[in-house]
Amino acid sequence: MSDNNENMIKIEKLKEIIDKSKKIVFFTGAGVSTESGIKDFRGKDGISKYTDIPIEILISKSYFYKHTLEFYDYYKKCFNCIDKKPNITHYFIKKLEDEGKVLGVITQNVDGLHYKAGSTNVVELHGTIYKNRCVDCGKEYTPQYVFNSEGIPKCTCGGIIKPDVVLYEESLPEKAIYEASKLVRDADTLIVLGTSLQVMPASSYVASFNGDNLVIINLDSTPFDQYADLVIHDKLSNVMEKL
Ligand SMILES: [Zn+2]
């Protein structure tokens with residue numbers, strides 16, 4: 001069978017699964033955002049290419065407090081995606097949500113693009129660049145304020161503003177963990193998009209899924225491919241445009 005034929009059969013199977021599913025949960029990773037022009041961590045134009053310091057150190061909690069200016073130099077350069085727009089994948093999820101088929105979206109991305117596309121129930125496991133808070137008084141600031149500030153963004157009280165993005169050495173927000181676990185438990189279909197599922201917690205959510213259909217769509221293979229009911233290795237937009 002030619003690759004093309006095999007792909008067509010997989011697309012048909014995906015359509016069938018979506019058709020009969022009533023409670024779909026999407027789990028999305030960097031691959032969903034790169035097609036909007038957002039940098040991933042370790043890809044060809046990934047944010048790790050913009051520094052000699054390992055990103056596990058550079059975007060860690062201790063580095064933020066000890067080297068706040070250096071942290072912000074890098075953060076402003078690599079995390080500013082407020083002008084980026086959702087793509088076909090974000091809008092496809094939103095369309096299914098409008099049809100009443102989607103329980104929610106769990107995302108590892110911090111770019112807020114699922115919200116921009118109109119999705120309403122989004123669990124942002126790693127936080128978001130859209131929320132920023134003064135570490136002293138808790139006052140909230142817009143991402144525009146943070147990205148446009150000179151040097152270290154400061155609160156009117158004089159405190160440092162910290163983005164609500166989960167840094168290395170920080171644990172994931174408890175509320176997000178709780179909501180994500182609940183979504184996975186309640187889903188009849190879990191569709192994983194654009195993540196290689198190599199790291200926690202992504203892998204733990206997929207491992208705990210007990211519903212009818214596990215679908216994985218990612219450019220590269222993942223450790224969970226062998227357990228999935230359907231696996232497609234392709235660019236997400238190539239798949240989405242056929243649905
Ligand atoms: Zn303050």
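This is a predicted model: local features need pLDDT of at least 70, side-chain atom pairs count only at pLDDT 80 or more; totals for chains, interfaces and linings use all residues.

Trainee: Is Cys157 buried, exposed or partly exposed?

Mentor: Cys157 has 45% relative accessibility, so it counts as partly exposed. Cys155, at 6%, counts as buried.

Trainee: Which residues are the protein donors of the zinc ion?

Mentor: Donors are N, O and S atoms within 2.8 Å of the metal (3.2 Å for Na, K and Ca); water is not among the atoms, so sites may look incomplete. Here the SG atoms of Cys134, Cys137, Cys155 and Cys157 lie 2.3 Å from the zinc ion. Along the sequence, their spacing reads C-x2-C-x17-C-x1-C.

Trainee: How do I read strand β7?

Mentor: Helices (H or I, at least four residues) and strands (E, at least two) are DSSP runs, numbered from the N terminus. In a regular strand the side chains alternate between the two faces of the sheet. For β7 (residues 189-193), five of the five residues are buried, so the strand is largely enclosed by the rest of the structure. Thr189, Ile191 and Leu193 are on one side, with Leu190 and Val192 on the other.

Trainee: Which strands pair with β7?

Mentor: Strands of a sheet pair through backbone hydrogen bonds, either parallel or antiparallel. Two strands count as paired if DSSP finds at least two bridges between them. Strand β1 (residues 24-28) runs parallel to β7, joined by five bridges, and Phe27 has Val192 as its bridge partner. β7 also pairs in the parallel sense with strand β8 (residues 213-217), again over five bridges; there, Leu193 is partnered by Ile217.

Trainee: What about an antiparallel case?

Mentor: Look at the open sheet of three strands in the order β5-β4-β6, where the pairing is antiparallel. β5 (140-141) and β6 (161-165) stand at the edges with a single partner strand each, so one side of each has no neighbour in the sheet. Two bridges join β4 (residues 127-134) to β5, and Arg133 stands opposite Glu140 in β5.

How values were computed:
Residues are numbered from 1 along each chain as its sequence is written. Side-chain values use heavy atoms; hydrogens and water are left out. Buried means under 20% relative accessible area, exposed over 50%, partly exposed in between (1.4 Å probe, protein chains only).
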